[in-house]
Amino acid sequence: MRRPLRILLTVLLATLAVDQLTKYAAVSRLTTQLDGLEGWARVSAFLRPGESAPRVSTELSVIEGYAQLRYSENLGATLGMLGPAAAGLRRPILLLAGALALGFLTFLYFRAATDRRPEQLALAFLLAGALGNFVDRVVRGHVIDFVELYWRDLPGLRWPTFNLADVGICVGVVLLLRELLRSHAAQQPSSGFSPGLG
């Protein structure tokens, strides 16, 4: 197997597995959706939430005053955009946008030169995060979010609820920005002054 494909598959499968397992744990621990179910019935209820018990979210403090876990369903796009749109319009738009984004990121990944491994790794994380949330939209019709960061309950200092697929996207963006800045710095002419002799 070619190395770029191996890198992509490793990051995709690992990120997707961790993302879906943590979402399953969030549904299991923070809601009543899977209460009383065992084995495959639990997995089926996780994959088809409309056929299971109502979801009542509880909060689990991680760092008092700064971080907690709370189940949330994001019906919209990133940071809740398109959330208020009608469901009949919102879901097709988000699925189409997600499929186009995945296709574009895949194109960019394989277009990157094989000697640009950091750029490929960044794009692999972007793809993996986008795929994790895309799977949620296809399977459930919404994205499961459960991590909340805030500063002592001050209204303006609360980050939107997110999940580990979102973390993968952020890691990809940070790695990509680092590579772009490094590439830009390498292309800049030296500003050192070298006086001539003679």
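**Close-up 1. R140 in helix α4.** R140 lies in helix α4, which spans residues 117–140. Helices (H or I, at least four residues) and strands (E, at least two) are DSSP runs, numbered from the N terminus. The model is predicted: local features need pLDDT of at least 70, side-chain atom pairs count only at pLDDT 80 or more, and totals for chains, interfaces and linings use all residues. Residues are numbered from 1 along each chain as its sequence is written, and side-chain values use heavy atoms, with hydrogens and water left out.

R140 counts as buried because its relative accessibility is 10%. Buried means under 20% relative accessible area, exposed over 50%, and partly exposed in between (1.4 Å probe, protein chains only). Leaving aside residues up to four places away in sequence, R140 touches Q20, F46, L47, P49 and V135. Touching here is contact, meaning heavy atoms within 4.5 Å.

**Close-up 2. Polar contacts of R140.** The side chains of R140 and Q20 are joined by a polar contact of 3.1 Å. Another polar contact, of 2.5 Å, joins the side chains of R140 and D136. A polar contact is a pair of N or O atoms within 3.5 Å; within protein, one must be able to donate a hydrogen and the other to accept it, and residues adjacent in sequence count only if both atoms are side-chain atoms.

**Close-up 3. A network of salt bridges.** D19, K23, D136 and R140 are linked in a network of salt bridges. A salt bridge is a side-chain nitrogen of Lys or Arg within 4 Å of a carboxyl oxygen of Asp or Glu. Side chains of opposite charge can pair when their charged atoms come close. R140 bridges to D136, with the closest N and O atoms 2.5 Å apart. R140 and D136 are separated by about one helical turn, because they are 4 residues apart in helix α4.

D136 also forms a salt bridge with K23, and here the closest N and O atoms are 2.9 Å apart. This pair links distant parts of the chain: D136 is in helix α4, K23 is in helix α1, and 113 residues separate them. D136 is buried, at 0% relative accessible area. K23 counts as buried too, at 0% relative accessibility.

**Close-up 4. R70 and E148.** The side chains of R70 and E148 meet in a salt bridge of 2.5 Å, N to O. R70 sits in strand β2 (residues 67–74) and E148 in strand β3, so the pair links distant parts of the chain, 78 residues apart. R70 is partly exposed, with 26% relative accessible area. E148 is buried, with 3%. The structure holds 7 salt bridges.

**Close-up 5. Helix α2 and its cover.** Helix α2 covers residues 39–47, and its buried residues are R42, S44, A45 and F46. What covers these buried residues includes α1, α4 and β3 (143–149).

**Close-up 6. A nonpolar surface patch.** L5, L9, L13 and F110 form a nonpolar patch on the surface, with about 340 Å² of accessible area together. Patches are made of residues with over 30% relative accessible area and no salt bridge; like charges are joined within 9 Å, nonpolar side chains (Val, Leu, Ile, Met, Phe, Trp, Tyr) within 5 Å. Accessible areas come from the Shrake-Rupley method with a 1.4 Å probe; for residues, only the protein chains shown count as cover. Helix α1 (residues 3–30) gives the most to the patch, with 3 residues. F110 is in helix α3 (residues 87–111). F110 is partly exposed, with a relative accessible area of 39%.
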